[in-house]
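Have the viewer open and follow along.

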Amino acid sequence: MANNGPNWDGLLKWSLSHSDGSSSSSRISEEDRQWFMEAMQAHTIDSISRMKVISQIMKMPEQVLEAQGITPDDLEGMLDELQEHVESIDLANDLHSIGGLVPLLSYLMNSNAKIRAKSADVLTTVVQNNPRSQQLVMEANGFEPLFTNFIADPDIRVRTKALGAISSLIRNNQPGITAFRLANGYAGLRDALVSDTVRFQRKALNLIHYLLQESNSDCKIVRDLGFPRIMIYLASNQDFEVREFALRGLLELAHEESDRNLDRADVNLRQLLEERTRSIIVMSDEDLCAAREERQLVDSLWTVCYDEPSHLRERGLVYLPSDDELAPDVVRDRFEPPLRAWAARRHDETSEPPVPLLLGPAP
């Protein structure tokens, strides 16, 4: 906080005097004053009250916040708190009803890049695995500022966070997927792939794989935009997640044979698979275990493209004894908010077991 902290009393006067369109000389009741001050200062206040206060602050013009000593770091901390609250799916859906969703969307256009990035981060949590909030964000035209930040923001962190929010917004959301296609979202994904930011590349590759799974017809768009060549290049990336995501995309293209979206005669593709095979063959046992998915992807791509067993399969390196355990759901753990994941697990654990169906002779 700046100096001795933000001037909450000044914010109270401004907020209450503008909430109903009256002048700044409006009389503030002692009850309103006490509610606002307690909500800003108490640590035990309920989540809805805190979210209401944060929503009020987000509605205030930047110059008013600056005049009251509020810094970008203060606002970022406030958004951190909001994100903790909306990890609960019920509170995420309440954000709109208490008037907080539209102000949060407006923060996507804040003059400070850190605030724009953090706002997208909060939105990711709001819409993650949440059809109701996805619908509310779409209805509030939240897709547009997110997409603008994704393709045009000068700050790469803002672009990356915006892409993460878009990815969560359009998953299992057909209107969102349609909006992404109509906005030429694939061109934005291509730009992300050729960037030099690993996190940006990962998010783009993950979304590409999802979209190709959702619609085989998108394979032609990806092919026409030159994605196979880029993904072949990224499949040799030093970052193992980028490699795996790129191989997944190539395999998805290889499975779609109607338009030959992946040129199986491409010498670069063959060289890639041969190179990855050689690298895997010389791996230590520990590295082989870590590269389990990559081994399977390289083998599957080779088999689909060349109709013969890969050298990995011939050497018994596709499935190892240590692969008997189920692989962790890496994608879900990465993108699902921890509190929401905990709530889902808790619901499963507390659900009553099904009543067994007893079969016996009729009376």
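V122 sits in helix 8, which spans residues 113-127; helices here are DSSP runs of H or I with at least four residues, strands are E runs of at least two, and both are numbered from the N terminus. This is a predicted model, where local features need pLDDT of at least 70, side-chain atom pairs count only at pLDDT 80 or more, and totals for chains, interfaces and linings use all residues. Residues are numbered from 1 along each chain as its sequence is written, and side-chain values use heavy atoms, with hydrogens and water left out.

Back to V122: its relative accessible area is 0%, so it counts as buried (under 20%; exposed is over 50%, partly exposed in between, with a 1.4 Å probe and protein chains only). Setting aside neighbours within four places in sequence, V122 is in contact with L79, L82, Q83, V86 and L104, contact being heavy atoms within 4.5 Å. D80 is 42 residues away from V122 in sequence, yet their C-alpha atoms are 7.7 Å apart.

Now for two helix pairs. Axes are lines fitted to C-alpha atoms, for helices over the stretch in contact, and angles run from 0 to 180 degrees between N-to-C directions.

| Helix pair | Axis distance | Angle |
|---|---|---|
| Helix 6 (residues 89-97) and helix 9 (residues 131-139) | within 9 Å | roughly 25° |
| Helix 10 (residues 143-152) and helix 13 (residues 185-193) | 9 Å | about 35° |

The angle makes helix 6 roughly parallel to helix 9 (under 35 degrees; over 145 is roughly antiparallel, 65 to 115 roughly perpendicular, the rest oblique). Helix 6 passes helix 9 in a left-handed crossing, meaning the near helix is turned anticlockwise from the far one by less than a right angle, with clockwise being right-handed. On the helix 6 side the contact uses A92, N93 and H96, and on the helix 9 side R132, S133 and L136.

Helix 10 also passes helix 13 in a left-handed crossing. Here F147, F150 and I151 of helix 10 meet G185, G188 and L189 of helix 13.

How buried is helix 13? Seven of its nine residues are buried, so helix 13 is largely enclosed by the rest of the structure. Those buried residues are G185, Y186, A187, G188, L189, A192 and L193. Their cover includes helix 10, helix 11 (156-170), helix 12 (174-182), helix 14 (198-214), helix 15 (218-224) and helix 16 (227-234).
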